[in-house]
Amino acid sequence: MTRGGFWSVALAVGWRNAHNFFTNPAMAIPALMFPLFFFTAFAGGLSRVDSIPGFDYGSGYTTFVYGFVLLQASAFGGVFTGFSIARDFESGFSRRLMLAASQRGGIVAGYWIAALLRAVFTITTITVVALVAGLTIDGSFVDLVGLYTLALLVNAAAMLFGSGVAMRLRTMQAGPAIQVPAFLLLFLAPVWVPYDLLTGWVQAAATVNPVTLVLEAGRGFLAGDPTEVLPAFAVALLLAAVTVLWARGGLRSAERAA
Amino acid sequence: MLARRSVVRTLRQPMMVVPSLLFPLIFLSINSSGLDSATRLPGFPTDSYFDFALAISFVQGALFSANSAGTNVASDIESGFLNRLSLTPLRRVALMMGQLAGILALGLIQAVTFLVVGAVFGSGIEAGVAGALVIVAMSLTISLAFGCIGAFVALRSGSGEAVQGVFPLFFAALFLSSLSLPRDLIETDWFRTVATYNPVSYMLEGIRSLVITGWDGEAIALGFACAGGVALIALTAASSALRTRMVRT
């Protein structure tokens with residue numbers, strides 16, 4: 001198989017999914033609405049939380065919340081792409097795609113391109129809304145490159161995880177199996193307050209949750225005070241590497257069933 | 001007969017019952033640990049965020065009821081069952097209430113579950129056993145209110161997908177309320193204004209007052225008035241939509 005085969009499959013699948021996303025409000029609106037709800041509800045409703053003794057994030061609560069919502073939007077861009085894969089299998093489209101594709105790895109790469117475009121669209125919209133709502137960015141250009149690179153790595157890992165599940169189960173009923181682990185990993189991190197202000201079992205969970213490192217590094221980039229950068233990138237790259245293997249296994253499973 | 005059918009049909013579907021119990025409890029569990037430090041804010045009404053957040057479970061459970069009610073009614077429209085019912089001499093309100101009986105049964109299960117979980121994890125209902133009964137009554141009224149909205153959407157659209165599409169709006173109503181902090185501690189002006197005009201705030205505060213404060217007549221009256229008012233308006237709208245649909249039939 002040629003490299004051209006791989007990329008022509010990837011670009012065709014990516015274009016089709018991106019086209020479906022951008023031309024279908026039923027797909028685009030929920031992908032935007034949920035992060036916007038969370039941003040509005042947390043940044044607006046919980047802004048007083050930055051007065052809690054021990055809340056030590058200098059760039060303000062809106063920026064603190066933006067750090068989380070950015071990560072959430074990135075992850076859910078990948079998760080929702082997993083739903084699209086499941087839908088393609090249920091409708092029979094994927095079976096035809098598997099027969100036609102010269103390089104089946106290109107199918108996963110195509111879905112990744114679509115997930116990337118979805119994430120860029122959602123992140124851009126949320127960033128504009130956040131800037132209007134008073135987002136303060138104290139980080140430098142290099143910090144922002146680090147922040148958005150982390151976000152896109154999370155997007156890739158979430159998409160590859162969703163792809164692995166969807167290709168193994170090949171039904172829309174795989175939705176909760178894709179969404180719930182992503183949701184739990186995100187919300188068992190220091191979402192509303194810094195790690196030191198968490199209490200009880202959520203603090204214990206946040207201690208072992210790899211997303212905590214990524215979230216804290218992202219907030220550090222926003223505040224211009226990079227923290228946990230190497231561990232966060234190591235975790236994000238490790239997640240991406242593990243999910244590549246997971247997605248590859250899913251593709252093999254789908255090939256056997258095709 | 002319709003009420004019995006609605007109850008059996010709702011409770012027989014694990015996908016309607018389990019998420020409506022599980023998701024509010026997961027949210028409560030994460031929220032109460034994640035935001036416990038908010039109780040250190042001056043003026044916060046209790047020293048336990050679990051007690052403060054318990055009320056959210058009741059309203060969140062009711063939101064799932066709206067989805068269930070709408071989906072059930074839409075399914076009856078899509079299958080033609082409602083068309084056959086239109087041939088009977090049933091009164092519209094009776095028909096609507098029959099359709100919503102399953103949601104009330106689900107609401108009762110939710111309310112009792114959340115109260116038991118609250119008691120197990122240390123939330124003493126400040127208003128006592130009688131207060132717990134009032135919480136159940138208010139919770140059922142809220143379930144009825146949201147259930148009627150779900151049924152209205154289903155009757156107007158005739159589509160289960162439309163009901164699912166409206167679901168995020170219910171969540172917007174929940175999030176833009178005094179969900180996470182008391183209204184007087186919400187710092188952002190526009191958010192506090194929206195929360196003040198949002199009836200969901202008063203539903204939450206009605207239940208919350210019984211858990212945290214005890215017998216606060218104003219909060220309880222406002223809670224019942226908002227839930228009852230929304231229920232009445234939505235029931236009227238749903239009945240009207242039902243009439244239109246039956247005329248078309």
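These legends go with several close-up views of a predicted model.

Residues are numbered from 1 along each chain as its sequence is written, with chains lettered from A and ligands numbered from 1 in the order in which they are written. Because this is a predicted model, local features need pLDDT of at least 70 and side-chain atom pairs count only at pLDDT 80 or more, while totals for chains, interfaces and linings use all residues.

**View 1. The fold of chain A.** Chain A has ten helices and zero strands (DSSP runs, numbered from the N terminus: H or I of at least four residues for helices, E of at least two for strands). Its C-alpha atoms fill a box of roughly 60 × 35 × 35 Å along the principal axes.

**View 2. Inside chain A.** Of the 258 residues of chain A, 50% count as buried (20 or more other C-beta atoms, placed from the backbone, within 10 Å of the residue's own).

**View 3. Where chain B meets chain A.** Here 23 residues of chain B are in contact with 26 residues of chain A (C-beta atoms, placed from the backbone, within 7 Å). On the chain B side, helix H2 (14–34) and helix H7 (160–175) each supply at least two residues, and H7(B) gives the most, with five residues.

**View 4. Confidence along chain B.** The mean pLDDT of chain B is 86, and 97% of its residues reach 70 or more (pLDDT is the predictor's confidence in each residue, from 0 to 100). Look for the lowest confidence of chain B in its helix H1 (residues 2–11), at a mean of 74, and the highest in its helix H9 (residues 199–212), at 96. The model scores ipTM 0.75 and pTM 0.84.

Terms used
Contact = placed C-beta atoms within 7 Å. Buried ≥ 20, exposed ≤ 12 C-beta atoms within 10 Å, placed from the backbone.
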